[in-house]
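Keep the structure open and follow along.

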Amino acid sequence: VMENSDVDAAVEDCVSGAFWAAGQNCIGTQRILVQRPIYERFKAAFVTQTLELRTGDPMEADTDMGPMITEKAVDRAASMVERAIAAGAALLCGHKPSGTLYPPTILENVPATCDVLNEEVFAPVVILQPFDELDEAIQLANNPEYSLHAGIFTNDLADALDAAKRIDAGGIMINQSSDYRFDAMPFGGFKYGSMGREGVRFAYEDMTQPKVICITRLQR
């Protein structure tokens, strides 16, 4: 999230991208890098909006976020958060599991060695991290070995296209969170997450057996 972005829109999109489907989404927003001059403003708004989310029975009309798939999944996520806190991370909200319910959880100051920063949590867990220059943010974005989608919020088209070129991800969302996708997109990852592409064209190509026929023309 760059200093020159629409911060309010970025907060709203990142809250949705992080906590939709209780974070059980392979392109869910997990790490949010925020340029330092707007970091405190973004953090305050992000935490405020997150605390307004109601976790509970998805059949109830006022529920914003439902349960995770199993208690084992909750335990895995909670353990990753616990290890990060033990290593020095600050808990801003959440981390109060109850059965399969795990409320939206936000961390900051997470040490670089923590698995919650480097692996897919697949849970409603978000890490906030400040940065100074775009080069630093791109380096941080490229650290993990798996990469599906990334997003950049900025009003500078040159910065947006520069980031899109240099970030190792299967899709770069400009002024949207990593969670944006529609079925016609060639959806897939980079590095160890690169297993081909999904999408209408790519689906039928995967279900098609190509055959090459070579002809040597006979001379008369």
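H149 is part of strand β6, which covers residues 149–152. The model you are looking at is predicted. Is H149 buried or exposed? Its relative accessibility is 12%, so H149 counts as buried, the cut-off for buried being under 20%.

Leaving aside residues up to four places away, H149 is in contact with I27, A169, G170, G171, M173, S178, Y180, R181, M185 and F187. If you look for F190, its C-alpha atom is 9.0 Å from that of H149, although 41 residues separate the pair along the chain.

## S5, ahead of the helix

Now move to S5, which sits in the segment before α1 (7–19). S5 counts as buried because its relative accessibility is 10%, and buried means under 20%. Its side chain reaches the backbone oxygen of M2 at 2.7 Å. Not counting residues up to four places away in sequence, S5 touches I38, F153, T154 and N155.

## The cysteines

How many disulfides does a search of the whole structure find? The count is 0. A disulfide is a covalent bond between the sulfur atoms of two cysteines. For C114, the closest cysteine sulfur is in C93, and at 18 Å it is too far for a bond; a disulfide would need the two sulfurs within 2.5 Å.

C114 is buried, with a relative accessible area of 7%, whereas C214 is exposed, with a relative accessible area of 69%.

## The whole chain

Stepping back, the protein chain has 7 helices and 8 strands. Its C-alpha atoms fill a box of roughly 80 × 40 × 35 Å along the principal axes. Of the 220 residues, 42% are buried. Among contacts between residues at least 6 apart in sequence, 61% join residues at least 24 apart.

As for charge, the chain carries 18 positive and 32 negative charges, and the mean positions of the two sets are 12 Å apart.

Technical notes
Residues are numbered from 1 along each chain as its sequence is written. This is a predicted model: local features need pLDDT of at least 70, side-chain atom pairs count only at pLDDT 80 or more; totals for chains, interfaces and linings use all residues. Side-chain values use heavy atoms; hydrogens and water are left out. Helices (H or I, at least four residues) and strands (E, at least two) are DSSP runs, numbered from the N terminus. Buried means under 20% relative accessible area, exposed over 50%, partly exposed in between (1.4 Å probe, protein chains only). Contact means heavy atoms within 4.5 Å. Lys and Arg count as positive and Asp and Glu as negative; His and the chain ends are not counted. The place of a charge is taken as NZ of Lys, CZ of Arg, CG of Asp or CD of Glu. A polar contact is a pair of N or O atoms within 3.5 Å; within protein, one must be able to donate a hydrogen and the other to accept it, and residues adjacent in sequence count only if both atoms are side-chain atoms.
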